[in-house]
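Hi,

Here's the structure I promised to pass on.

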Amino acid sequence: MSKVSLNKVKAGEIEFKEKVVAINRVVKTTKGGRAFSFSALVVVGNENGVVGHGLGKAKEVQQAIAKGIDDAKKNLIRVPVMKGTIPHDQWSKEGAAKVLIKPAAHGTGVIAGGSMRAVLESAGLTDVLAKSLGSANPHNVIKATFKALSLLREPIAVSKDRRIPLKKVFNG
């Protein structure tokens with residue numbers, strides 16, 4: 001059984017910024033010649049804790065990007081952002097891609113590679129340390145990053161679950 005993510009978001013009237021992570025040209029060889037099509041991997045976010053990813057496929061690049069943006073707006077999640085960083089370390093895996101995300105001190109910046117950087121910046125994280133391990137396939141890295149971000153828990157929720165004061169969550 002897979003755990004249903006509780007932090008899904010509806011697109012509604014939110015203003016998003018789009019980032020194209022990868023464009024792939026696909027060739028299908030037929031009797032009449034070659035047929036080209038494109039797939040675009042897109043990340044959208046409002047840079048305030050809401051982020052989504054999508055894949056669009058079409059005969060032209062612009063149409064593929066537009067379809068990817070529409071798909072990304074259907075797969076939005078809310079990320080707990082605390083002072084520009086995340087509340088705790090998180091590790092996740094998707095396929096052969098493994099992802100480690102850690103909170104960082106103010107002024108550190110986003111230290112992440114390629115497709116992870118696009119997701120973290122679109123979510124509105126300004127100070128975070130991230131490492132992609134294993135496969136560098138952008139599809140799996142983005143899925144693993146989203147899985148890690150959706151597993152993050154806000155300190156208030158943790159204090160309610162454990163029935164301890166919020167101060168004790170941070171100070172142990």
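Which residue in E5 does Gly52 stand opposite? Gly52 faces Leu76 there. Before the rest, a word on the basis: this is a predicted model, with local features needing pLDDT of at least 70 and side-chain atom pairs counting only at pLDDT 80 or more, while totals for chains, interfaces and linings use all residues. Residues are numbered from 1 along each chain as its sequence is written, and side-chain values use heavy atoms, with hydrogens and water left out.

On to the sheet. Helices (H or I, at least four residues) and strands (E, at least two) are DSSP runs, numbered from the N terminus, and two strands pair if DSSP finds at least two bridges between them. Five strands make an open, antiparallel sheet, ordered E1-E5-E4-E3-E2. At its edges sit E1 (8-9) and E2 (17-30), each pairing on one side only.

Going through the pairs:

- E2 and E3 run antiparallel and are joined by 13 bridges; Ile23 has Ala40 in E3 as its bridge partner. The two strands form a hairpin with two residues between them.
- E3 and E4 are also antiparallel, with eight bridges, and Leu41 stands opposite Leu55 in E4. This hairpin has four residues between its strands, and Glu47 in the turn has a positive phi of about 55°.
- E4 (residues 50-58) and E5 (residues 76-78) pair antiparallel over three bridges.

Now the helices. H3 lies across E2, E3 (33-45), E4 and E5, and runs at about 155° to E4. That angle is between N-to-C directions on a scale from 0 to 180 degrees, with axes as lines fitted to C-alpha atoms, for helices over the stretch in contact.

H2 (residues 114-123) is mostly covered, with seven of its 10 residues buried (under 20% relative accessible area; exposed is over 50%, partly exposed in between, using a 1.4 Å probe and protein chains only). Among the buried ones are Met116, Val119 and Leu120. Just after H2, Gly124 has a positive phi of about 95°.

Setting aside neighbours within four places in sequence, Thr145 is in contact (heavy atoms within 4.5 Å) with Val99, Ile101, Met116, Val119 and Leu120. Thr145 counts as buried because its relative accessible area is 0%.

Cheers
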